[in-house]
Amino acid sequence: MSAAIVTDNLTKRFGDVTAVDGLTLSVAQGELFGLVGSDGAGKTTTMRMLTGIMDPTDGSARVMGHHTVQEAEALKEEIGYMSQRFGLYPDLTVLENLHFYADIYGLPRRGRDEKIGRLLSFSNLTPFGKRLAGNLSGGMKQKLGLACALIHTPRVLFLDEPTNGVDPVSRRDFWRILYQLLREGVTVFVATAYLDEADRCNRVGLIHRGRILACDTPDNLKGLMRGTILEVRTPAPRRAALLLREQREKESVGIFGDRLHVVTHNAGETSTAIEAILRGEGIELQGLRAIEPSLEDVLVSVLEGENT
């Protein structure tokens, strides 16, 4: 299968700051690719270069064969882009926003209403066509933004943290829509800080300080995990974490909601020690078991490896 996105040493510097550092990757047509990293990792800058909005300092990128700098106008016909602050007009209705973007992309009037009708149905917005965009919920605004980005039937869709700040139910709805797009052959490149969302992707690139630390399928990335993860359940996770960090300095202790993840190279010895430490401080231990790593565990592990 031919590549939809190819980058070669893609680099962007702002003065003395290197936001994206020698990024080289290839995304196949029809693939769902996740670029995963924390705020400031370089995700948005990468996406702006791939969509032709920003020129790289060094290196190059091609999307559907189009050079992102030399063929920026042709590129726009092939892609849809939904930025973190997608430009919906709050004083226009859902339908008026869709017609506005249709005008921007020069869609002919003939067949336009049918296309908009399909997008409204596709995004479950049909009952809200006359509602002002400013009166939509966060999840519905994201769906409208996606519908506007799809108005010209792009072959590659770029999404920059599309579910940031959206409730869990709306996040699930949004991903259901993305899977439907994949079935229709659209290539999806999504930047996200949600590691659980990255698990839904065909492949994931972990980016940190502008550099790709690892790029593979979610399952293969989990194989990069150094050591075993012990999940500790206790009604006092923060107090327990503080104790374990003080007394088990060689092990990584992270808080994941109401549970702790302790990374160890000797699960048996560490389990015994954890039980003794918590019991000694009168902290109830509700559960202790080895678990499969999440992508968040892997990212923490890889970053710790970078810093040692």
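The model is predicted, so local features need pLDDT of at least 70 and side-chain atom pairs count only at pLDDT 80 or more, while totals for chains, interfaces and linings use all residues. Residues are numbered from 1 along each chain as its sequence is written, and side-chain values use heavy atoms, with hydrogens and water left out.

**Stop 1: strand β9**

Select residues 203-208. This is strand β9, and five of its six residues are buried. Buried means under 20% relative accessible area, exposed means over 50%, and partly exposed lies in between (1.4 Å probe, protein chains only). Strands are DSSP runs of E with at least two residues, helices are runs of H or I with at least four, and both are numbered from the N terminus.

Strands β3 and β9 pair in the parallel sense, over four bridges. Two strands pair if DSSP finds at least two bridges between them. Look for Val 36: it stands opposite Leu 206 in β9.

**Stop 2: the hairpin**

Select residues 211-216, strand β10. It runs antiparallel to β9, and five bridges join the two. Ile 207 stands opposite Ile 212 in β10. Two residues lie between β9 and β10 in this hairpin. Click on Arg 209 in the turn: its phi is positive, about 50°.

**Stop 3: the ring pairs**

The structure holds five aromatic pairs. Rings of Phe, Tyr and Trp (its six-membered ring) pair if their centres lie within 6.5 Å; planes under 30 degrees apart count as stacked, over 60 as edge-to-face and the rest as tilted.

Select Phe 158 and Phe 189. Their pair is tilted, at 5.6 Å centre to centre and 50° between the planes. Phe 158 lies in strand β7 (residues 156-160) and Phe 189 in strand β8 (residues 187-192), so the pair ties together parts that are 31 residues apart in sequence. Phe 158 is buried at 0% relative accessibility. Phe 189 is buried too, with a relative accessible area of 0%.

Next, select Trp 175 and Tyr 179. This pair is also tilted: 6.3 Å centre to centre, 55° between the planes. The two sit four residues apart in helix α6 (residues 168-183), about one helical turn. Trp 175 is buried, at 0% relative accessible area. Tyr 179 is partly exposed, at 29% relative accessibility.

Ring pairs link Phe 33, Phe 158 and Phe 189 into a cluster.
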